[in-house]
Structure formats: C-alpha cells, structure tokens
Amino acid sequence: MQQEHNDNTLLDEKALANSLFSEAALSAFEAKQSQVPNDYFEHFENQIMLEVKKRGSSAFILNISKFGKIAIAASLLTIATTAYFFIPSYNKADDIALNINLQDIPTAEIDEYVNSNEIVAEIDWQEEINNESSSLEKLNSHLFKDSNNIQ
Amino acid sequence: MNIKDKALNLYGKQLSNFTSMLNDQELIMQFKQPQLKEAAFTQLLKRHQQKIYYQIKRMVAEHADADDVAQQVWIKVWNKLDGFKMESEFSTWLFRVAYNETLNFLEKQKKQSAHNLSEDNIDYENAAGNSNDPKATQIQIALEQAIQQLPEKQRFVFMLRYYEELNYEKIAAITGTTVGGAKANFHQALKKMEEILKKD
C-alpha cells in the first residue's frame, strides 16, 4: 500500500515536472548526460583497480612512515636529552661580563659585592673550621680508646 | 599462454561468475575477506558504476570532472567499505559518498572560479555547455541553464527523484535530511527552475 502510494506520488511529481519543463527537454538533458566515450566503463573498472592498488602500496609506505615518525621523534628526544647533559652550558652572563669595563662599575657597587661575598666566605670558613674541629675530636677519642686498650 | 595462466584465467572467470550471483550484502561480506576483496569490489563496481557516474555527471556537467569525482568515490568505497555496518542499503551509502564527493568538488570549483572571475562574470550559458549543440532546442538550453543555477542540494534531490526515481526515504538518507526536507527540496527545485525559465 505504502509502495503503491510512493509510486503514485512519483508519477504525479514526474508529470508535474514534465508539464512545467517539457518531457522532451528533460529527456534530452538525460540523453546528454548519458554520452560517454567508447568503452569508458570497461576502462574505468581497470583504472580504479590500478588506482586502488597504487594507493594501497602508498598506504603501506605511509604505515612505515608512521613508525618512521615515531623513530624520528624518539631520536630527536634522545639527541635533545644528550645535548642537555653533555654540551657545556653557555652562560650569557659571562659574555656580558667580558664587555663590561671594571672602571665603568661604580665603586659603591663593587664594595657591596665584595662585602656580601666576604660574609659568604666567612660563613664558609667557619663551617670548615667547625667540621675540622669535630673530626679532630673524633680522632682524639679514637686514639684515647686505643691507648686504653694497649694499657 | 601457459597452463598456470590458463588456470588463473579460468579461476578468475569462475570467481567472477560466482560473485555476479551474490547480492550487495553478500559481496560486502566477501569484501571483508582479504582473498575475495578484489573480486567482490569489482562486482560492486560493475553493478553500480553507471548509476553513480550519471548522477555525478548530471551535477558537474563535464565528463572529465565526472570521471574525477567518480574515481574519488570508488577509491573512498574501497577504503571505507570495511567499516560499512549495513545499517542501510549499499546503494544508499554509495550515493551518499557520491553526494559528499560531488559537493566537495563543486565547492572547490566555486572557490577556484571565484578566484578567477568576479561573480558577475560567471556565464551560466557556457557553464551549461549546451550552446554549441546544434540539435538542442531553446527549451533544452534554457532547462539546462536553469538546472545549473539550482542550489546543489536541490539539484541533487531533483536528479535522484526525477531520473533515478528513488523514494524520499532513500533520498533523505543520501542527503542527510528528513523525508519532509527532501520533499521540500524537490518542490523548491521545480519552483526555482520554473522562475528561472519564466525570467528568460
């Protein structure tokens, strides 16, 4: 029933189009679209199969290149990591320092720099002294124990 | 031809005879098996290539363009058919692929011509390609020009309905619209063509 209704609707709509634009003109349009070169469809089939095979092989290359991409990314990462650890870091501050003349630096700034580093140096020395004295004390106590054992 | 070639030829013919007896659904099942893939695809191609080509040609007008788009369609089918879930008929899916590829082509063509020509200079008469046909009557030329001026979707729907005689459910599935939308597209196409013809 539904199919019959669809068929009737289709026929009605085609009749409407034919009445509006002339059935002959619509048929002529279709006839023109149906013109293809001789043996076109036979050749088309072969053409498609060739194209599919060609693209199939290029798809294989693409698969390889996917792995290749991963390998390249891994290599680059390794190089970057290695470079980070092994290539001596280039300190731009050193380069700048070379271009600075000592006479150009204000005395107050030099004094401040020396003073602050002296404090650091004092603290360092104090630590070293403390360490040395503690290790001497340990040595003394060992010697004292040893001498007791001898007795 | 040696014995091996003869055997292969015979095997190919038998396989071709066998596949020609299968319906689309069975061919798709075969396509999913690597050793039968090519034979199944060739059979589907043989069965549907003309309809697809003609539908594309109605849209793009030139044979060379229709050939290009048809090739794109079948290459896409080869690449995507493994994922086809058979929720619709194969022919519906195939027309949908053709619809998308045709719209892509027309879009590219439009961009190119917009690049080369201003909108005012587009010559619909030459685009229709009918002016040199001595046998064409005035109404044929006018009709072809009117068809060329329809929006792509309306044109596609009109061709599917009038020439392919598809039902609206199928047309709706192909063009990604509702049944009502497909009907509206067909009738809008008729109305617009009528207006264009009246203007001329």
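Figure 1. Helix 9 and helix 10 of chain B come within 8 Å of each other, computed between axes in a predicted model. The two axes, of helix 9 (residues 168-175) and helix 10 (residues 179-199), cross at roughly 95°. An angle of 65 to 115 degrees counts as roughly perpendicular, and the two helices of chain B are therefore described in that way. Helix 9 of chain B brings B:Tyr168, B:Glu169, B:Ile171, B:Ala172 and B:Thr175 to the contact. From helix 10 of chain B come B:Val179, B:Gly181, B:Ala182 and B:Lys183. Sorted by class, the residues of this contact are five nonpolar, two polar and two charged.Figure 2.

**Figure 2. The largest nonpolar core has 54 residues.** B:Ile56, B:Ala70, B:Leu143, B:Val157 and B:Ile171 touch the most other members of this core. Helix 3 (residues 37-60) of chain B gives the core its largest share, eight residues.

**Figure 3. Chain B is built with ten helices and zero strands.** Its pattern along the sequence reads α-α-α-α-α-α-α-α-α-α. Chain B has 200 residues, and 33% of them count as buried. Among its contacts between residues at least 6 apart in sequence, 55% link residues at least 24 apart.

**Figure 4. Chain A and chain B meet in a contact with 25 residues from chain A and 29 residues from chain B.** Which helices of chain A each supply at least two residues of the side that touches chain B? Helix 1 (2-21), helix 2 (23-33) and helix 3 (40-86) do. The residues on this side of chain A comprise 15 nonpolar, four polar and six charged.

Figure 5. The mean pLDDT of chain A is 76, and 72% of its residues reach 70 or more. Over residues 59-63 of chain A, pLDDT stays under 50. For that stretch the model has zero contacts beyond four places in sequence.

Key. Residues numbered from 1 in each chain as written. Chains lettered and ligands numbered in written order. Predicted model: local features only at pLDDT ≥ 70, side-chain atom pairs only at ≥ 80, totals over all residues. Contact = placed C-beta atoms within 7 Å. Helix = DSSP H or I, 4+ residues; strand = E, 2+ residues; numbered from the N terminus. Nonpolar A, V, L, I, M, F, W, Y, C, P; charged D, E, K, R; others polar. Core = buried A, V, L, I, M, F, W, Y, C linked by C-beta atoms within 7 Å. Buried ≥ 20, exposed ≤ 12 C-beta atoms within 10 Å, placed from the backbone. Axes fitted to C-alpha atoms, helices over the stretch in contact; angles between N-to-C directions. Parallel < 35°, antiparallel > 145°, perpendicular 65-115°, else oblique. pLDDT = per-residue confidence, 0-100.
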